[in-house]
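Trainee: I am new to this structure and would like a close look at one part of it. Could you pick a spot, tell me how it sits there, and then lead me on to the rest?

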Amino acid sequence: MDEESPSSLTDISMAWVCHNVEVLCVAQEDGSLHFRHCPLFPQELSDQLLHKMADEGVLNDRTVGVFQNLEHLRLRRAHIQSSQLSAEAFRRSLCPHKLQELNASHIHSNITISDVLHSLTSNKLCRQGLQTLMMNGLRLYGEAGEESLQASFSMLRGLKKLSLAWTDLDDKGLEDICSMPMLESLDISGTNVTDLTPLLNCQSRLMSLTAHGLQKLEMPTSSFILVLSKLQSLRHLDISNERLVRDGDNLVQQLLERPGIFPQLVSLDVSGWRGVSNVAIQVFVEARPGLRFIGLLGIGAGGSELLCGDGNLKVAGESNLTQLCEALRRYSDRECFIREVLAHLYSHTSDMEEPQPHILKLVLDGMRHHTDSLHVQLVASACVFNLTVQELVLGMPLRLLGNVIQQLLTAMKNFPNHEQLQKNCLLTLCSDHILQVVPFDRYEAAKLIMVLLGSHEDQTVQRMAVAVVSILVSKLSTEEISELGAEEFIMKQLLSIVQQKASLGVVDSTLKFALSALWNLTDETPTACRHFIQCQGIELYMELLESYYSESSIQQKLLGLLNNVAEVEEMRMELMNEDLVEHILSLLINPVVEVDVSYFAGGILAHLVSVRGPVWSLDAELQSTVQEKLHSSVLSWSSPEHAMVSYRTLQPFYPLLHVSQCSGVQLWALWAIQFVCCQNAPQYCNMLQSEGGTDILRVLSSHPDTHSDVKCLTENILKILERNLHPESSVEEFH
């Protein structure tokens, strides 16, 4: 599906059913679930529902019970890969159906190949009608060993395609398989098979053989080639080697050079056998014009024009980008090959000039298939950075980027102590476009990165992590910030970084981002403010206000957080420190201090001297000075050219506009409201209207005790409101 296209209605509906299956069902006596009301599903939709339940991880012994309703939910193609099903639940719920296809690979339970065979062969319809069976990754026998094998493959009379890759299939099992009358396609990759001679029993009908990674094969090279040469119906052959070793016995070379072998071959995979000559491959391909695919990864050949991979013949190799992409497509489930491909891809993507979303998607698929492989995640994350660096990221579909970022976060979580992997992932995350626009779970990302930050002292990792968290926090909702702020370890971690930088007296991006993150984290979050106080944040910030007196960018961030604390009524007393108040007052009245610094200084003082502030416990003259200087300072401010801050709500200002407040407190709040309304009139005028702020302004404007300066500023704001909320009437009045 196109990464930019919305999900189909069917897919959305199926996902909803999966996530609400418990609500939609009633439990039976045996614990299994049945739908309360079940319409007659088209057979294809029944297959899709089962597949979706498996993919979403909700298919288990309870939920699979819904498919016991054979009248309304009829299955033909059953996909239960990686689900949690017992042998009994499988037999009871799925085997009564007229199955044509079954993918039971990598089931997370004790179910065995023997269990599956026994259940399938107990149904006559399955014995005759099943055509495709996949059981990759399962054990052949149960704890009873071979004695538990109660059925044979040969009983599946209609089976055409069988896949048993990475199972403990042995020679005896292969003999049983090769006696199946309809078998056309067989995958025995990574099994315990030592001898392929039984294949001769189905040489006239076998069209596809996948024998990748047969490390236990004991046949002489001559016997191996003889058996394969007699499979004259083969159209697809895969004898690739997962170990990527030299072909010491010239097995592949001899096979390619054998006259007249595989006349009908459409695809051949010999990847992993190093040392096969380019000439032998070229001659083999030229003699078979019907060949459409050849796997040459790790061979050291394939650089000729015939094998470039651009034409009808697709080539999986490492000679060019086209071959590498084909290898990523073909080998997504083979870790050894994916590692090899990604290593070559990294060098090919180091100087990309155009966005390549199709390559990024292939890299993502490889990462998803091997989430527990450090090597795959490490090299893949480096490739992701190459493919999304600078302007390249702008040409990538947003949904694809969102999926990639979620996968990078998964890699960071799975390998928290691997420094280079953390660096790779953070390098990609350090993108304004990704952090601001791309859809992904920013809350979980911020929390994860803060957890990881505690285990890494590397300055590069620390700098990137703090930068990413700072921006992520600014994009969270109020509720998410509250949840994040409730995590005390995050506050401790950020304050520790600030303390570390301050002890060195440096002003760098890490310090600034850490201060920004703390500022955002305490915004409208009383719990975070409480953690800040409990972690001796006020004492630290008092020191920083002194030591970074000439750094306005640092001062603004320090005062911005203290302003957040001051907005919480029950915490204002914590700020009632004479040295702190006098220092903040000096920043308010100093004519060389920038307006944005004075503004936040004024905000802290306005809250402290407001009628709803703490009982003033400091010098009374200081209180009068603060009230007086608030009034005169606000009147002297001119609007800065840039936006100093944005607000999710204007609620903190309204208590400061009460008629009982002193004029300095009222003026500070009014100046703030006027400033943001001028910066973004549609947003803040509507906010004032919806929150009831307009009524508060009108009361203040009409009250007889309101100071003339306050009244003037109030009326200015009301005029801005009128112009933006009723533009037509404003135009008429103008004319």
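Mentor: Let us start with G602, which is buried at a relative accessible area of 0%. Buried means under 20% relative accessible area, exposed means over 50%, and partly exposed lies in between, with a 1.4 Å probe and protein chains only. This is a predicted model, where local features need pLDDT of at least 70 and side-chain atom pairs count only at pLDDT 80 or more, while totals for chains, interfaces and linings use all residues. Residues are numbered from 1 along each chain as its sequence is written, and side-chain values use heavy atoms, with hydrogens and water left out.

Where does G602 belong? G602 is part of helix 27, residues 595-609. Helices (H or I, at least four residues) and strands (E, at least two) are DSSP runs numbered from the N terminus. From the C-alpha atom of G602 to that of L94 there are 71 Å, and the two are 508 residues apart along the chain.

Now look at the charges on the surface. E546, E578, D579, E582, D619 and E621 form a patch of negative charge there. Such patches are made of residues with over 30% relative accessible area and no salt bridge, like charges being joined within 9 Å and nonpolar side chains (Val, Leu, Ile, Met, Phe, Trp, Tyr) within 5 Å. Asp and Glu count as negative and Lys and Arg as positive, while His and the chain ends are not counted. The place of a charge is taken as NZ of Lys, CZ of Arg, CG of Asp or CD of Glu. The accessible areas come from the Shrake-Rupley method with a 1.4 Å probe, and for residues only the protein chains shown count as cover. Helix 26 (residues 578-589) contributes the most to this patch, with 3 residues. E582 lies in helix 26 and is partly exposed, at 38% relative accessible area.

Charges can also meet in pairs. Side chains of opposite charge can pair when their charged atoms come close. The structure holds 20 salt bridges, each one a side-chain nitrogen of Lys or Arg within 4 Å of a carboxyl oxygen of Asp or Glu. One of them joins K52 and E56, whose closest N and O atoms are 3.5 Å apart. K52 is buried at 14%, whereas E56 is partly exposed at 32%.

R339 and E335 form a salt bridge too, at 3.9 Å from N to O. They are 4 residues apart in helix 12 (residues 335-348), so about one helical turn separates them.

D458 is partly exposed, with 21% relative accessibility. Elsewhere, D30, E88, R91 and R92 are linked in a network of salt bridges.

The backbone has something to show as well. Most residues other than glycine have a negative phi, and most peptide bonds are trans. F262 is not a glycine, yet has a positive phi of about 50°. F262 lies in the loop between helix 9 (251-257) and strand 11 (267-269) and is buried, at 1% relative accessibility. Q536 likewise has a positive phi, near 60°. Its loop runs between helix 23 (526-534) and helix 24 (537-547), and Q536 is partly exposed at 49%.

The structure holds 0 disulfides, a disulfide being a pair of cysteine sulfur atoms within 2.5 Å. For C126, the nearest cysteine sulfur is that of C95, 5.8 Å away. C126 is buried, at 0%. For C202, the nearest cysteine sulfur belongs to C178, at 4.1 Å. C202 is buried at 0% relative accessibility.
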